Amino acid sequence: MAASRKPSSLDAGTDVAALHASVLLDRALEGMPPVAGRFAVALSAGPDSAALAVAAAAWAARRGLEMRLFHVHHGLHPDADAWAGRAADLAGRLGLPLDVRRVRVDPADSAGTEAAAREARYRALAGMAAEAGIDTILLAHHLDDQAETVLLRLLRGAGTDGMGAMAAETLKEGIRYLRPWLAVPRSRILAYMHAYSARTGYEAVQDPSNLDARYARGILRTEVLPAIERHWPGYRATLDRYARRSAEAAALLREVAQSDLDGVQELRPPYGSALRLSGLNRLAPARRAMVLRLWLAGHDMAAPPEARLREMARQLQDAAHDRQLLLRHGDRQVRRYRDHVIVDSREKASSGGLAAGVEFRWAGEPSIRLEAMGGTLVFAAEESGIDPDWLRNTALTMRWRRGRERLRVTPQSPSRSLKNLYQERGIPTWERERLPLLYRGEMMIFAAGLGADARLPQAAPGMRLEWVPDHPGATVTS
């Protein structure tokens, strides 16, 4: 392996700093997780990514790996076209294929221009990777980037997870991103790229936005970090060490949270994982908060701010057993019913324009699709049941609940309110709002989720009514 570590891209006249940088960068590539077959390097055409492209090209050639370059054209700077041209120039020098993807970034995005550009960049990289049949992309983030990320996240109030900063390997939407140079100071990368430029005449892009004080990183680079370096010149390695320890602590906390979550969650179709509130509330406050974060993440929900999470935990703990708590988080609803907490993403059944319900006639078909009600009414044959002739070719209406409806469930029992019957069946309030009722004239003859009224005329053979919703609800019997 010693031969593989020679600086293949630099000649014998290279100065000592560049030679040392070449060896250092090559060793960092050697230490990456295994890469097989094909991979790509994200190339902005700036000095960092250009250096990675040059070094990775030599590294890939020694291993017989196929490499491509991906350039994302943000269009945010007047020279963006020229930068794409510079990327093409480097690709030509290295004899590598280059894919370019244009994206649109809204400077007025509520997340901020930096965040919006970052998300657009990852979407573009993923798109190019899918088209090229590639699942691994190398990124040129280095030790200085890591230090900046730690400081920014600290100032933005990140928790232990966030303070782990950038990882050497991450998976995002099926694409593996590797950052082989996270422990390499940028000064070494610049020395390497300076030597390459002196030898070949290639000039990397200098993006002025990197030092623009309108952006958070620009302020750090121009004002904050120079002052820190004057007093703590080793701050980069210190912050990198802190990030690695934070990542280790976060991994340990996730194990604890997962163990706690496994003890209090259960599957509740159609909601997926539900929490048993009694078990959740037996946990200490800090562990309860960790479980909530992990549970919400399992439902593809962003973690709420710390204050919001504490309030959510407090309300879940303090709510009376019979209170049906509703907490909104983004476009989802965190609901509590009895001893269960679920995430509900469906809207309440809309009665707009359907105040009078949906009228139809049954001519003997096995089922009738009622699009406006979100389901299908099934007429199932039975040895004994509702008299089919009593229902055939008569005006029927399916409509939503209005309140105070009653149903007789057995011939011997009195009629009872739907509210009480739904409660006994363990059907949560929000699900009841999605269950329609069937009328013959002014008589309610069937309630979805409960069944038909026992007073209906019977016959043998007969029939049974059944409501099949497009999005089934759930019962909670505990």
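**Chat about the strands and sheets**

Q: Is strand β1 mostly covered or open, and how many of its residues are buried?
A: Mostly covered: four of the five residues in β1 (residues 38–42) are buried, meaning under 20% relative accessible area with a 1.4 Å probe, protein chains only. Strands here are DSSP runs of E, at least two residues, and helices are runs of H or I, at least four, numbered from the N terminus.

Q: What should I know about the model itself?
A: It's predicted, so local features need pLDDT of at least 70 and side-chain atom pairs 80 or more, while totals for chains, interfaces and linings use all residues. Numbering starts from 1 along each chain as its sequence is written, and side-chain values use heavy atoms, without hydrogens and water.

Q: Which way do β1 and β2 run, and how many bridges join them?
A: Parallel, with five bridges between β1 and β2 (residues 66–73); pairing takes at least two DSSP bridges.

Q: Which residue in β2 is the bridge partner of Ala42?
A: Phe70.

Q: And in β4, what does Val41 partner with?
A: Leu138. β1 and β4 (residues 136–138) are parallel too, over two bridges.

Q: Which residue in β11 is the bridge partner of Leu275?
A: Val341. β8 (residues 273–276) and β11 (residues 340–344) pair antiparallel over two bridges.

Definitions and conventions. Buried < 20%, exposed > 50% of the residue type's maximum accessible area, 1.4 Å probe, protein only.
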